[in-house]
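The following report examines the secondary-structure packing and the covalent cross-linking of the chain shown below.

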Amino acid sequence: MLSMRKYLFSAGFALLVAATSASMTMMTPPAFASQIKYVVNNVPITTGDIQHRAAFLRLQRKKGNAAEEMIEQTLRVAEAKRLGIRISDAQVDAAYQRFATTNKMQLKQLDGVMAQSGVGKEHFKEFIRSQMAWNQALTARNRSESGGALSEQDAVRRMLDKGGAKPTAMEYMLQQVIFVVPAAERSATLSKRKREADAMRARFNGCNTSREFAKGLIDVTVRDLGRILAPQLPPDWADQIKVTKVGGATPTRETDRGVEFIGICSSREVSDDKAAQMVFQSEGTSGKDADELSTKYVEELRKKARIVER
């Protein structure tokens with residue numbers, strides 16, 4: 001699996017944004033005119049899009065062609081959609097929040113940096129969405145080119161051929177608690193439901209009592225997720241699950257379904273063929289190989305694309 005963090009933003013960029021936040025003086029955000037500059041497979045790219053990306057490159061202190069980056073992003077997003085990959089607003093918002101938290105910033109601070117630098121939070125969020133989707137597209141492409149998923153036996157054999165012992169992985173027993181919020185009621189009830197979820201999460205002391213706590217609460221779903229190996233954890237939850245003690249619960253998160261948290265029922269280290277398969281696949285493509293795969297993939301998409309400059 002390709003590293004999502006690698007394709008979102010570098011550590012250097014994170015430090016740069018944090019430093020910019022600390023030193024930013026009050027200034028008027030730049031205003032960008034917006035007219036269609038390119039049409040990529042019937043999808044317009046405006047001069048405003050390009051100016052926001054140019055500001056993004058300046059913020060990262062990177063050289064690059066903003067127009068070319070926007071063309072490539074458009075191609076990547078279209079390919080992800082073709083593959084049925086959808087990144088929800090909730091996933092993007094969670095990644096944006098994690099970026100702020102990691103850099104010891106409040107959301108308003110990060111919003112301010114993005115606005116005053118000329119990037120804009122919406123442009124940055126769409127960049128995050130496109131990179132998350134592209135990461136999944138690359139993973140699918142890598143599996144396809146390698147002939148599909150490895151068998152457990154092949155994974156172990158390849159590990160041993162490289163001189164490594166059979167790997168171990170943490171296996172978690174998890175429980176998902178969802179405070180359901182219908183889409184039509186989201187703006188009116190989301191804050192209230194989050195307070196309710198936070199209250200239940202604070203009382204959580206193990207998976208055996210969660211259903212008892214949920215009794216009497218309206219539209220609360222408790223799901224046993226069963227045993228999941230660490231490499232199989234959903235990316236949006238993985239970091240929080242790994243740092244949460246057994247018997248505890250992750251912080252609540254707003255999702256498309258409502259407000260959720262994950263309870264950690266138990267965990268243990270396992271060493272078997274299934275663990276070897278998961279660990280091997282999770283480390284399958286990274287670094288230079290991932291860059292080469294991405295470049296090759298985009299070049300193929302460009303050759304088939306219809307790109308018109310206005």
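## Helix α6 and its partner

Gly118 follows helix α6 and has a positive phi, near 90°. Helices (H or I, at least four residues) and strands (E, at least two) are DSSP runs, numbered from the N terminus. The model is a predicted one, in which local features need pLDDT of at least 70, side-chain atom pairs count only at pLDDT 80 or more, and totals for chains, interfaces and linings use all residues. Residues are numbered from 1 along each chain as its sequence is written, and side-chain values use heavy atoms, with hydrogens and water left out. Helix α6 spans residues 107–116, and its buried residues are Leu110, Val113, Met114 and Gln116. Buried denotes under 20% relative accessible area, exposed over 50%, and partly exposed the range in between (1.4 Å probe, protein chains only).

Two packed helices are described by the angle between their axes and the distance between the axes. Helix α5 (residues 89–102) packs with α6 at an angle of about 100°, the axes being 9 Å apart. This makes α5 roughly perpendicular to α6. Axes are lines fitted to C-alpha atoms, for helices over the stretch in contact, and angles run from 0 to 180 degrees between N-to-C directions; those under 35 degrees count as roughly parallel, over 145 as roughly antiparallel, 65 to 115 as roughly perpendicular and the rest as oblique. Contact means heavy atoms within 4.5 Å.

## The four-stranded sheet

An open sheet is built from four strands in the order β4-β3-β6-β5, with antiparallel pairing. At its edges stand β4 (220–229) and β5 (253–254), each of which pairs on one side only. Helix α9 (residues 186–203) packs on this sheet and touches β3, β4, β5 and β6 (258–270), its direction making about 35° with that of β6. Two strands are taken to pair if DSSP finds at least two bridges between them.

Strand β3 (residues 169–180) runs antiparallel to β4, to which nine bridges join it; Gln176 stands opposite Arg223 in β4. Twelve bridges join β3 to β6, again in antiparallel orientation, and Gln175 has Gly263 in β6 as its bridge partner. Strands β5 and β6 pair in the antiparallel sense over two bridges, one of the pairs being Glu254 with Val259 in β6.

## The disulfide

A search of the whole structure finds one disulfide (a pair of cysteine sulfur atoms within 2.5 Å). Cys207 and Cys265 form the bond, with their sulfur atoms 1.9 Å apart. The torsion about the S-S bond of Cys207 and Cys265 is about -95°, so the disulfide is left-handed. The pair links distant parts of the chain: Cys207 lies in the loop between α9 and α10 (210–214), and Cys265 in strand β6, 58 residues apart. Cys207 counts as buried, at 12% relative accessibility, whereas Cys265 counts as partly exposed, at 24%.

Another open sheet has three strands in the order β2-β1-β7, with antiparallel pairing. Strands β2 (43–46) and β7 (307–309) stand at the edges with a single partner strand each, so one side of each is left without a neighbour in the sheet. On average, neighbouring strands of this sheet are turned by 25° against each other, direction ignored. Strand β1 (residues 36–40) pairs with β2 in the antiparallel sense over four bridges, and Ile36 has Thr46 in β2 as its bridge partner.

Helix α3 (residues 47–60) lies across β1 and β2 and runs at about 60° to β2. Helix α4 (residues 66–82) also packs on the sheet, touching β1, β2 and β7, and its direction makes about 35° with that of β1. The axes of α3 and α4 come within 8 Å and cross at roughly 110°, which makes α3 roughly perpendicular to α4. Asp49, Ile50, Arg53, Ala54 and Leu57 of α3 make the contact with Ala66, Ala67, Glu69, Met70 and Gln73 of α4. The residues of this contact of α3 with α4 divide into six nonpolar, one polar and three charged.

Technical notes
Ala, Val, Leu, Ile, Met, Phe, Trp, Tyr, Cys and Pro count as nonpolar, Asp, Glu, Lys and Arg as charged, and the others, Gly among them, as polar.
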